[in-house]
Amino acid sequence: MARIIAGIASSHVPAIGAAIDNGRTQEPYWQRVFSGFERSKEWMAKANPDVVIGIYNDHASAFSVEIIPTFALGCAAEFPPADEGWGPRPVPVVKGHPELASHIAQSVILDEFDLTIVNKMEVDHGLTVPLNLVFGSPKEWPCRVIPLAVNVVQYPPPTGHRCFMLGKAIRKAVESFPEDLRVVVFGTGGMSHQISGPRAGLINSKFDKAFLDNLTRNPKKLTRMPHLEYMREAGAEGIEMVMWLVMRGAIDDTAQEVYRFYTVPASNTAVGHIILENRQRGAAKRRAAGQPRRKAATKARRAAARAKTAARRSQ
Ligand code: DHB
Ligand code: FE
């Protein structure tokens, strides 16, 4: 059975991608940002997921005002990097997982979430920058990635509650997929930022930090936050943070925060990042600890108890 081992989230600022692509990561300004992801890269290498479900938003690259799907699930085998105006980023093509993606589409749609199925799509910085942050710049991305594009660009975006409930439906779908896959759900976007208008440059660290606290401890509170509050407190593009709630809905209520990073700014944006692990259950926990499977362990324990009783009797 496939299972979700963790949920992670990070901002997706395009200038972070430009810093990587132009070899500027060692400059002090960028070093401050990238240093916060060193631990995440180690965590990712250790977690070694088979599949990442990347919740991101398209910035008028694959879609435009002509078609605005609220939730669009990438079911293709490959998703090339989009040309966002200065040529496609020099990053690997994202390899999807059409079998799991189709299974999620079926399960979630029959659970009454009307997803759009996308069989051809280019992906922009919304997806590729977060992948760089946790995987670095490899020749090939080390796992399959299923993109789920959420409309947070054109009014009306979905509510935080709807995103959270979609996460729950995705979890149910993943857990009913027969293959043994380890899945990480990756929410992207945010944190506070506004890139145009009189409030351009707005950053609200107090709001962002409270959002991170609530994401771990009280996500239900966040699901009740109206769009206007995101916009007022976190800027027009702060609404991207509803995508983090898809991730939060897909993991355990009791998921443990194992890492957090926050720095201001990168370009116009507050950069936030969090890793939430599902508590390992039963067999997975024993496997991770290098312990024998339950049957063998139980047998060994019973044999030891029998030997102890026999030894006591013979004294
Ligand atoms: C910036 C941030 C974004 O999320 C985005 O999509 C575009 C630009 C910025 O900080 O400049
Ligand atoms: Fe964005």
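Predicted model: local features only at pLDDT ≥ 70, side-chain atom pairs only at ≥ 80, totals over all residues.
Colleague: Which residues have the most contacts inside the largest nonpolar core?

Modeller: In soluble globular proteins, nonpolar side chains tend to be buried together. Here the largest nonpolar core has 55 residues. Apart from it lies another core, of 42 residues, which includes Val52 and Met121. Inside the largest core, the residues with the most contacts are Ile104 and Phe211.

Colleague: Which residues line the buried face of helix α3?

Modeller: Helix α3 spans residues 38-47. Seen down the axis of α3, the buried residues fall within an arc of 100°, so they line one face of the helix. The face turned away from that buried side carries the exposed residues Glu42, Ala45 and Lys46. The buried residues of α3 are Ser40, Trp43, Met44 and Ala47.

Colleague: Is glutamate 240 buried or exposed?

Modeller: Glutamate 240 lies in the loop between α9 (227-234) and α10 (242-250), 181 residues apart from histidine 59 in the loop between β2 and β3 (71-74). Histidine 59 has a relative accessible area of 25% and is partly exposed. Buried means under 20% relative accessible area. Glutamate 240 has 4% relative accessibility, so it counts as buried.

Notes:
Residues numbered from 1 in each chain as written. Chains lettered and ligands numbered in written order. Heavy atoms only, no water. Core = buried A, V, L, I, M, F, W, Y, C linked by side-chain atoms within 4.5 Å. Buried < 20%, exposed > 50% of the residue type's maximum accessible area, 1.4 Å probe, protein only. Helix = DSSP H or I, 4+ residues; strand = E, 2+ residues; numbered from the N terminus. Arc of directions from axis to C-beta.
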